[in-house]
Amino acid sequence: ADMDVDTIWMDGEFLDWDDAQVHVLSHGLHYGTGVFEGVRCYDTERGPAIFRWEEHLDRFYASGKPYGLEIEHSREELTEATTELIRRQDLESCYIRPLAFYGYDSLGVSPGNCPTRTMIACWPWGAYLGDEALEDGVDVMVSSWRKHASSQIPTNAKATGPYINSLLAGEEARSNGYVEAILLNKEGNVAEGPGENIFMVNDGEIYTPGLAESILDGITRRTAIQLARELGYTVHDEATISRGQLYTADELFFTGTAAEVTPIRSVDDNAIGEGTRGSVTEDVQSAFFDLVERRVDDHDDWFLYVEE
Ligand code: PMP
């Protein structure tokens, strides 16, 4: 185990690592019936600041809806639990993982009377795709696995079970020597990465697949769209992107809470642009890090300051 976590909040209580346990007959373990979030808290001059917490909470509750999974804790309770975890463990920056899932009552596919269990853990987590990746970009491959269609599993809900699709694509890429995968959707258009949204730059304009392309409505995606527009770029946020367009793009980059803004330098061994981070990507990336590390004071309402 490589996680530095002392305290975990579970079902209303702060527990020591050893006590945060569930039964092996939990419904969520058998059928992937859980929903989760990934949130980042950044180290700023005003102490730890959670980025877009309210939007993550919105998505957390909404993700349960298709599954009838009702999180039995209020926004205030989840907020207090999270800020308290950060304070108690003296975290300056961290990744925050809220999870809600069906626990044990019966083991039919129908969750019946299974209770909804909820937990939150926080731990320090650096650059998801590596520190060099932020500057140099990553080598990716188009996966032979397709992203499940939103007509099969709601892709706008961040449920646990569907991540086996992300695992297949990501592991295929890694076993072939790539850092990450790009998934095409059922129609064969570009969808997203296993844990990232994707953006393309051509002739100075920015394109990203629309929400109807079986993608997650990423909060970093929304942020990148807004920051890019504020920088003066034209952003097409309902684009349909073909596989072929990936190879001839001027620039490509991933966005995600974990991946932040990561340039893509090659796809299937074809260099993208010069095979290095492009200038538009760098602009959006700098704006993103200036924002989250609070070197600028705009969008202060996107931050929850833990110590205030
Ligand atoms: N797509 C998928 C499949 C993801 O798992 C994630 C990570 N949550 C994203 C996109 C990016 O979403 P966000 O920016 O909200 O982290």
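A polar contact is a pair of N or O atoms within 3.5 Å; within protein, one must be able to donate a hydrogen and the other to accept it, and residues adjacent in sequence count only if both atoms are side-chain atoms. The model used here is predicted, with local features needing pLDDT of at least 70 and side-chain atom pairs pLDDT 80 or more, while totals for chains, interfaces and linings use all residues. Residues are numbered from 1 along each chain as its sequence is written, and side-chain values use heavy atoms, with hydrogens and water left out.

**Exercise 1. Locate Asp217 and find the residues in contact with it.**

Step 1. Look in the loop between strand 12 (205–209) and helix 6 for Asp217; helices (H or I, at least four residues) and strands (E, at least two) are DSSP runs numbered from the N terminus.

Step 2. Leave aside neighbours within four places in sequence: Asp217 then touches Arg59, Leu211 and Arg222, where contact means heavy atoms within 4.5 Å.

Step 3. Pick out Arg222, whose side chain makes a polar contact of 3.1 Å with that of Asp217.

**Exercise 2. Describe the largest pocket and explain where it lies.**

Step 1. Start with the space, about 650 Å³. On a 1 Å grid over the protein atoms alone, a pocket is an open set of points with protein on both sides within 12 Å along at least five of seven lines, a cavity is a set where a 1.4 Å probe fits but cannot get out, and lining residues have an atom within 4 Å of a point. Points are joined across faces, edges and corners, and a volume is the space filled by probe spheres set on them.

Step 2. Turn to the lining: helix 5 gives the largest share, seven residues.

Step 3. Sort by class, which gives 15 nonpolar, 14 polar and nine charged residues.

Step 4. The domain bounds come from an automatic or database assignment.

Notes
Nonpolar A, V, L, I, M, F, W, Y, C, P; charged D, E, K, R; others polar.
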